[in-house]
Amino acid sequence: MTLFLQQWYGELLKLFARRRTYIGFGVFSVLQVVILVMLKTLGFEKWMAKVIAPQTDSFEYYISSLTLAFIVVKLAVFILGGIYLTLVAGDIVAKESEDGHMRMLLARPVSRFRLLLLKYLTASAYAVLLILFLFFVAFLLGIVMKGLGGGFFAFAPEISVVAFYDWGPGIQRYMLAALMLGLGMTTISSIAFFLSCFPIKPAAATIGALSYALVDMILRESRFMESREYLLLTKHIGVWARVLAETIDWPLIARSYSVLLAVNITLFTLGYAVFESRDLKS
Amino acid sequence: MALLEVRHLTKRWPTGRLALDDVGFEMREGEILGLLGHNGAGKSTIMGITLGMVRPDAGEVRIGGRSVQKDRGAALRQIGAIYEAAVFYDYLSGWQNLRALCSLSGWWDEAEVKRVVQMVNLSRAIHQKTSTYSHGMRQRLALAQALLPQPKILLLDEPTDGLDPEGIREFRELILHLRKHHGMTIMLNSHLLGEVEQMCDRCVILKDGKKVFEGTVPSQEKSRRMFQLETNDIGLAREVLSRCGATMDKLGIVEVPLNMEPHELVAALVNGRVQVHSWQPHRRTLEELYMGMSSRS
């Protein structure tokens, strides 16, 4: 275990010493500020009041930092989605192979399986961290705009979730949602990782993964595959918002996350099989 | 005992080109072995297979008795390598690069790293980003990473490629120092015949994926006594020399057998009525050997 952690440290050192790694953090932060300014300009509070008022008398209580943060996060994920996750995961094997770093790494007494596992975990950790960061920054911006306290109005009509929470339980649900989305997004980064194991350009792995995610999302949104929705990854990833329902449907969530876990393991295994069969020579 | 054994390696690339054809040789502890051959002869492929990065179609490489193909992790624990170009993470310092690479060996000892960095003469620049390094500095950092943590065998794939004459000399001295003071066994793949001649004890010459020579580097052949014979009576000379157990090649180079002294051989030639115009000591060069073995023409 100590050896594994030492080896993982090396991978994390490389990832977080790189400027490119922080582009995602920077862009998401800027995007969230832009969304917030736009919401303010477009009269977000009046719109919220219209949505909330029919359901509760104290609607002003729910127009809070948490509610605002949640709306910002949803919009930011919709706009930028998995771009930065796939950028990092698409690079993680393909770029190192292309640049020749992989030959330096594999001149060490480490198996290809172990090396890929380290890289996979690094890409997955980055996915979770980026999403957690996104939620955290949105929360901070919400506090700047609306201050501490107030309720949390969780609103995800696409999966029929409408719920009201006080500050304490609201924060708990918000944090749980952040973690669930972070874990769900590892599947998008797994697709990029899988493609990255082929002898292709890093950009091709990133674009390939993004294209898959986009087509998947379009098929879901267009209801074209309504009877076969369980085949769509974005359907299972979208389950994250169900932790915001007053009564959490854990069996449903567990089923979707089992599917995502199985897809992740399959993509890693296939990626490993591809990488293992390659001769690493220029 | 052989520390590294290359056994019957055969490799065909997906394009159909035969990269190696039943190549085998051994490396003894403490020796420096040169791998020579034209571009595409199979030198780097042997190194790639030795490091488990290229899969052979047949054969295997054993390091300290362990098969690289069956137990790569354990076998490579004894090896340090510079394989193909030394590529580093340019956004990291030299020190951080070493840290990242050594982490894969599950090893880090600051004192030892500092000692090796000092040995390769990189102490001043080790905390600078490698994007600022010259080619020579990169090669020295590559050697430092290969030396960590204390391997028994060094594999060096054209380590002096692109270095200036001072850099080549410095590198050569470092390699010889490693063998002399640390007892290292070194496999050197190089195009520079002079470099191999000065550094290696033995060499393997490859041609089109086949081993065409394995033996002592001419400059190290202290026991072999060669003379250049000039005569018009070639046929007669060959007959006399053959009777004495000596051999002569097409260029008139005579190898004196161990049971005779050179002057006895000259006397035998003269007594055999061979007109000897000239009899000069001859030292065969690696270039002669290489061109004779590897020439494509």
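## The sheet in chain B

Strand β1 (residues 2-12) and strand β4 (residues 58-63) of chain B run antiparallel to each other and pair over 5 bridges. This comes from a predicted model. Two bridge partners show how the strands line up. B:T10 has B:A58 as its partner in β4(B). B:E5 has B:R62 as its partner in β4(B).

These two strands belong to an open sheet of 4 strands in chain B. Read across, the order is β2-β1-β4-β5, and the pairing is antiparallel. Which strands form the edges? They are β2 (18-28) and β5 (66-67) of chain B, and each of them pairs on one side only.

## A hairpin and a crossing helix

Follow chain B from β4 to β5. These two strands form a hairpin, with 2 residues between them. B:G64 sits in the turn and has a positive phi of about 55°. The antiparallel pairing of β4(B) with β5(B) covers 2 bridges. In one of the bridges, B:I63 is partnered by B:R66 of β5(B).

Helix α1 (residues 43-50) of chain B lies across β1, β2 and β4 of chain B. Its direction makes an angle of about 65° with β2(B).

## The largest pocket

Now look for empty space. Rolling a probe the size of a water molecule over the atoms shows where such space is left. The largest pocket has a volume of about 930 Å³. Its lining is made of 32 residues. Which of them lie nearest the centre of the pocket? They are A:K74, A:V77, A:F78, A:M217 and A:R220.

Several elements of chain A each supply at least two residues of this lining: α3 (44-52), α5 (65-80), β1 (152-156), α9 (167-196), α10 (202-221) and α11. The most comes from α5(A), which gives 8 residues. By class, the pocket lining divides into 24 nonpolar, 4 polar and 4 charged residues.

## The cavity

How many cavities of 30 Å³ or more are there? The count comes to 1. About 50 Å³ of space lies in the largest cavity. Its lining consists of A:L15, A:R18, A:R20, A:T21, A:L87, A:V88 and A:D91.

Helix α6(A) gives the most to the lining of the largest cavity, with 3 residues. Sorted by class, the cavity lining has 3 nonpolar, 1 polar and 3 charged residues.

## Aromatic pairs

Over all chains, a search of the whole structure finds 26 aromatic pairs. One of them joins A:F135 and A:W240. How are these two rings arranged? They are edge-to-face, with 6.0 Å from centre to centre and 85° between the planes.

This pair links distant parts of the chain. A:F135 is in helix α8 (residues 112-146) of chain A. A:W240 is in the loop between α11 (233-237) and α12 (250-276) of chain A. The two residues are 105 residues apart.

Note on methods
Residues numbered from 1 in each chain as written. Chains lettered and ligands numbered in written order. Predicted model: local features only at pLDDT ≥ 70, side-chain atom pairs only at ≥ 80, totals over all residues. Heavy atoms only, no water. 1 Å grid on protein atoms, 1.4 Å probe; cavity = no way out; pocket = protein on both sides within 12 Å on 5 of 7 lines; lining within 4 Å. Points joined across faces, edges and corners; volume = space filled by probe spheres on them. Nonpolar A, V, L, I, M, F, W, Y, C, P; charged D, E, K, R; others polar. Pairing = 2+ DSSP bridges. Contact = heavy atoms within 4.5 Å. Axes fitted to C-alpha atoms, helices over the stretch in contact; angles between N-to-C directions. Phe/Tyr/Trp six-rings, centres within 6.5 Å; stacked < 30°, edge-to-face > 60°.
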